[in-house]
Each structure stands twice: as C-alpha cells, then as structure tokens.
Amino acid sequence: MNALFAASQAELLRYLLIVVRVSPLMMTAPIWGSPLVPAQVRIFISLLVAGLLLPVVRGPLPPGLAGSVFPLAIAVAQELLLGFLVAYLALLMFSAAQLAGQLIDIQVGFGIANVIDPLSSAQVTLIGQLQYLAALLVFLLLDGHHLLLSGLAATFGAAPLGSPFAAGMEAPLALVVQRGGRILFVLAVQIAAPALTALFLANFALGLVSRMLPQMNIFLVGMPVNIFVGLLALAASLSIFTSVWRGAMGGLESQLAGLVAVLRTPGAHG
C-alpha cells in the first residue's frame, strides 16, 4: 500500500512539473497567449497537453523532491524558466514583424496614429498591427504552432524533470538572449527592407524636386506620396514577406534545436 501511494505521489508530482513547463507557452506564446482566449481555456489546454505528454515523459525524478519544499521550489522555478525560454523565442519573431511595421509607419507618416492590439492589449501603429496579423496568419499556415509544441516536447528529453540543466542556467539564457536579438533585428530589417527602400527612393526624388522647384510645398506633396509609395511597396512585397517568414520559421526550428542541444550538453551554445 505504501509503495502504491509513493508511486501515485511520484506520478502526480511528474504531472505537475510537466504542467509548470507547458504553462508559460500556453499563457504567453502567440495564439494561445492572446487575451482573447479566456484564462480558463488556456489552463485547460495546459492541463490537456501535459496529460498527453505524461505517458512519454518518463525517467526517475530527483530523489527527495517530494519530501522537501526548497528542492521542489527550485525545480518549479527551473521548469517555469524553460517554458518561458521556448515561448520567448516565438514572441521575438512576432515582435520583429511588428517592429518592421513600425519602421515603415515612421517613414510613411502613420507613426502618430496608434491602435489597440487586441492580442496584446498594447498600443501599436497601423502597419505594425497589419504586419503582426499577417505574420500570425502565415505562422498558422506553416504549422508554426505544431513546431512550438514539438520543440517544447523535445526539451523533456534534453532536460529531465526536476534535474538541473546540464550546462547550468546561464547557458540557455545566454543562447536565447544572443540569438534572440538576431532574430528580432535581422528579421525586422528583412521584412521592412522593400518598403523602406522604396520610401527612401521616393524621398530622394522629392528632395531633388524640391531643389529644382523651390516654390513647391514639398511637405504638402510629400505626405500623400509617401503613403502611396509605402502602401504600394507593401502590396508588392507580400510574396517577399511570405518567403522571409518561411525562412524565419526554419530559423525558429534551428533556435529550438540549439536550445535543446545546450540543455543537453555543457558549452554547446555560441
């Protein structure tokens, strides 16, 4: 009877640790983490995904985990950190799409007009919100949500439940910060490059016209020209946006694989 009770307690602890690692992805990552999704639904999805992972996440738990509060608190904090790292990589991609739109907004002149993003409850610019929603649509079409779930599932093999990270906490944090910054800025520039190039050429042409025709009110003419050129460049670069985002999905997959590798092997990041 005591053995049965101990086994049940171990399985319950295993399930709760899986829930703790899964919950950050469901609470903060794109799609699931939207405020439009009720908290009860997100909690239910977290419990459901943890239940599906329970039969495949095996292996002994660290000894003494169930009998002491301090080791259990450390294990819970570590599981939360790992879940947030996976969600953070995905959030950076969508922040890059939104940043690209904001860069275009500044050049077009829409930077002074903000709207409320229903997915994050924050004020964003018009084209920034458009780029964000377009990125979300392409993300779903390319099965990005499955990629996130598979990446999270892979971490259970690299970092067993309740065990310290093989490379320590500094290694995965450094990996996400270093590579995450590249995801954010490089991807934002790649997405915004066609429209920014067209707007630069339009402003350059307007500067030449203003030098040749000083009597022309360049500020009155420049605003509608920038809006027209910016929107035209956005429409013309939709295929480029899809191609760049497809490459970003591959980059996310490699980032998740890199996170799994550094969790498994000390010194694997760089």
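Q: How many residues are in the largest nonpolar core, and which have the most contacts inside it?
A: Keep in mind that this is a predicted model. The largest nonpolar core has 71 residues, and L25, W245 and L259 are those with the most contacts inside it.

Q: Which helices supply at least two residues of this core each?
A: Those would be α1 (2-28), α2 (39-53), α3 (69-108), α4 (126-141), α5 (144-158), α6 (170-212), α7 (218-236) and α8 (238-264). The most comes from α3, which gives 15 residues.

Q: OK, how do α3 and α5 sit, roughly parallel or roughly antiparallel?
A: Their axes cross at roughly 150 degrees and come within 11 Å. The cut-off for roughly antiparallel is over 145 degrees, so α3 and α5 are roughly antiparallel to each other. The crossing is right-handed.

Q: And which residues make the contact?
A: From α3 there are L82, V86 and A90, and from α5 there are L148, L152 and T155. By type, five are nonpolar, one is polar and none is charged.

Q: New topic, S46. Where is the place of S46, and is S46 buried or exposed?
A: S46 lies in helix α2. With a relative accessible area of 2%, S46 falls under the 20% cut-off, so S46 is buried.

Q: What is S46 in contact with?
A: Leaving aside neighbours within four places in sequence, S46 is in contact with V22, S23, M26 and M27.

Definitions and conventions: Residues numbered from 1 in each chain as written. Predicted model: local features only at pLDDT ≥ 70, side-chain atom pairs only at ≥ 80, totals over all residues. Heavy atoms only, no water. Core = buried A, V, L, I, M, F, W, Y, C linked by side-chain atoms within 4.5 Å. Buried < 20%, exposed > 50% of the residue type's maximum accessible area, 1.4 Å probe, protein only. Helix = DSSP H or I, 4+ residues; strand = E, 2+ residues; numbered from the N terminus. Contact = heavy atoms within 4.5 Å. Axes fitted to C-alpha atoms, helices over the stretch in contact; angles between N-to-C directions. Parallel < 35°, antiparallel > 145°, perpendicular 65-115°, else oblique. Left-handed = near helix turned anticlockwise from the far one by under 90°. Nonpolar A, V, L, I, M, F, W, Y, C, P; charged D, E, K, R; others polar.
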